[in-house]
Amino acid sequence: NSKDHIDPMIAWTNIRTFIKGSVEALANTDQILDKTGFMQLGKKRCRLDHEGRLKVYDIFVRYQKVLADLDLWDDNDRISMLLKRLKEVLDNDHKSFERVKQSKIYVDEIQDYTQSEILLFFLLSGPGNLFLAGDPAQSVIEGIDFRFEEIRSVGYFVTDPTSRDLIPEKPRKVTVNFRSHSGVLDTAAAILRRLFDVFPDSAKELGEDRGVFEGPRPGVFCNVRVDRLRTLITEKLNGVVILTHDEKVSYWKRALADYPLVYGIRGAKGLEFKRVIILGFFVDMPNDLQKPWRDFLLGREVSKQELEVKVKLLYTAVTRCIEQLFFAETVRSIAGDAFVRWTTTTSIHPTVLATRQNVDEVEKMVLTQDEWIANGLENAEVAESHADSNIEESYLMLEKALFCFEQGKNDELARKVRTHRASLLFRLNLEEGRVSGSPGTIEFNSALLVEQLASENLLLEVRRLLTLSVLPLLGQYTKEQMEKNILSKLPIESTDSPFT
């Protein structure tokens, strides 16, 4: 009921980050932080009040019962099991541990990881052999509440008192931005200042990024019709990337006539784009966050903690842009109107951050063939990173890569992507039981795909197709012959992209 209501994402974040993903949880035999330990976490670390923590722990107990009743596990359980197995190997089978140990580990986007996942990096490399980089203001992954202090806590947890020199040093701040110009960075800095003013414990306060060159202010399209936006994208800004809420990607893709370069903001984190339109960010905000957004921008008191992650989401979207940034709202909203006023006038913010524009005023911009191909390669590499764990996401990224290669008129790379997509679709259909026919028919179709993949030098995808999707369907003799004559000759991993 409304009296006992707590935002589901706030509940999940506290469960994943603290109750199951903290070093305090891992110190317990069952690798779960008990109720007393959760209630005793510092106020800056866990920003829920006493009543909120009681509600979350009650939800957690019910959640664990559902997992047990349905014989399910979650990401925290997976990491806990990995840590347990790694510890057993470290204690009892040093030779096996040496096979998985890494001399150095470099991790970007460290703010996307729980303490238990960071501990895994520590154990695999040793605390003195880690290089970690991240931006706490981009902590927008669902279920993660990150501070850089969490890393040093892991260091204290994993090292003994005689090895304190191995604890990671305090983070070094990098504030010179070589990617984006001042027009983009000024807007990002203004968003950060409001974040730290209203949510002072949301992230370690960082210095504002300084660009090495000047650039235009972002443009704002207010109450723009969708059909005019479609025309703008196809006739003047073809190649511009659309960023929107992740759950709205399919909607906006359809609304823009199946324009392929529509990304969810979370999905685009870590990427960079020459031209960006942040579309429908405010109108697509939940109704109960519309007035809090307005109050946030106007400098009023804000009590909605769930607003914090939305502010970080906007900051993340803005910082994806290199050259030309636009905000587009197709329908007026309370939050959208406040943002337009905040960015385009001096009535709230001391300086003008953005300029209201009409779509007719935008000059035509064309990407070169090299720029199209470079964008396609970046999408293809992201697709490759998802190919083992998330076939659907990998397929969608390849769709974007194909569009870029076709626009760049590179038939060879476009052909590679089509072949790769065909294999992903086949794997996805196999996993979901949508492939009909006898095992012999499936084997024949997979053989055709393997031949096509091999001709395009997509050998890692050959291995995935055979190992993950085809091998389990084959008889014992055929399986043994495939492992002996084919799989043993394929690479296990590669540091080079098959598209380069």
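Tutor: Asp209 lies in the loop between α9 (182-198) and β4 (210-211). Such names refer to DSSP runs, numbered from the N terminus: helices are H or I runs of at least four residues, and strands are E runs of at least two. The model is predicted, so local features need pLDDT of at least 70 and side-chain atom pairs count only at pLDDT 80 or more, while totals for chains, interfaces and linings use all residues. Residues are numbered from 1 along each chain as its sequence is written, and side-chain values use heavy atoms, with hydrogens and water left out.

Asp209 counts as partly exposed because its relative accessibility is 30%. In this scheme, buried means under 20% relative accessible area, exposed means over 50%, and partly exposed lies in between (1.4 Å probe, protein chains only). If neighbours within four places in sequence are set aside, Asp209 is in contact with Val174, Thr175, Asn177 and Leu185; contact means heavy atoms within 4.5 Å. Asp209 and Ser182 are 27 residues apart in sequence, and their C-alpha atoms are 9.0 Å apart in space.

A nonpolar surface patch may be considered next. Val176, Phe178, Val212 and Phe213 form this patch, and together they have about 390 Å² of accessible area. Patch members have over 30% relative accessible area and no salt bridge; nonpolar side chains (Val, Leu, Ile, Met, Phe, Trp, Tyr) are joined within 5 Å, like charges within 9 Å. A salt bridge places a side-chain nitrogen of Lys or Arg within 4 Å of a carboxyl oxygen of Asp or Glu. The areas come from the Shrake-Rupley method with a 1.4 Å probe, and for residues only the protein chains shown count as cover. Val176 belongs to strand β3 (residues 176-177) and is partly exposed because its relative accessible area is 31%.

Two further loop residues deserve attention. Asn223 is in the loop between β5 (219-222) and α10 (226-236), and Lys409 is in the loop between α17 (391-407) and α18 (411-431). Asn223 has a phi near 55°, a positive value in a residue other than glycine; for Lys409, too, phi is near 55°. With a relative accessible area of 48%, Asn223 is partly exposed, whereas Lys409, at 64%, is exposed.

We now turn to strand β8 (residues 273-279), which is mostly covered, with six of its seven residues buried. Strand β6 (residues 241-244) runs parallel to β8 and is joined to it by three bridges; strands pair if DSSP finds at least two bridges between them. Within that pairing, Ile242 has Ile277 of β8 as its bridge partner. Strand β9 (residues 321-329) also pairs with β8 in the parallel sense, over six bridges, and there Ile277 stands opposite Phe326.

Finally, two helices may be examined. Thr316, in helix α14 (residues 307-318), counts as buried because its relative accessibility is 0%. Not counting residues up to four places away in sequence, Thr316 touches Ala137, Gln138, Val140, Ile265 and Lys269. Asp69, in helix α4 (residues 50-69), is exposed, with a relative accessible area of 52%. The side chain of Asp69 makes a polar contact with the side chain of Lys65 at 2.8 Å. A polar contact is a pair of N or O atoms within 3.5 Å; within protein, one must be able to donate a hydrogen and the other to accept it, and residues adjacent in sequence count only if both atoms are side-chain atoms.
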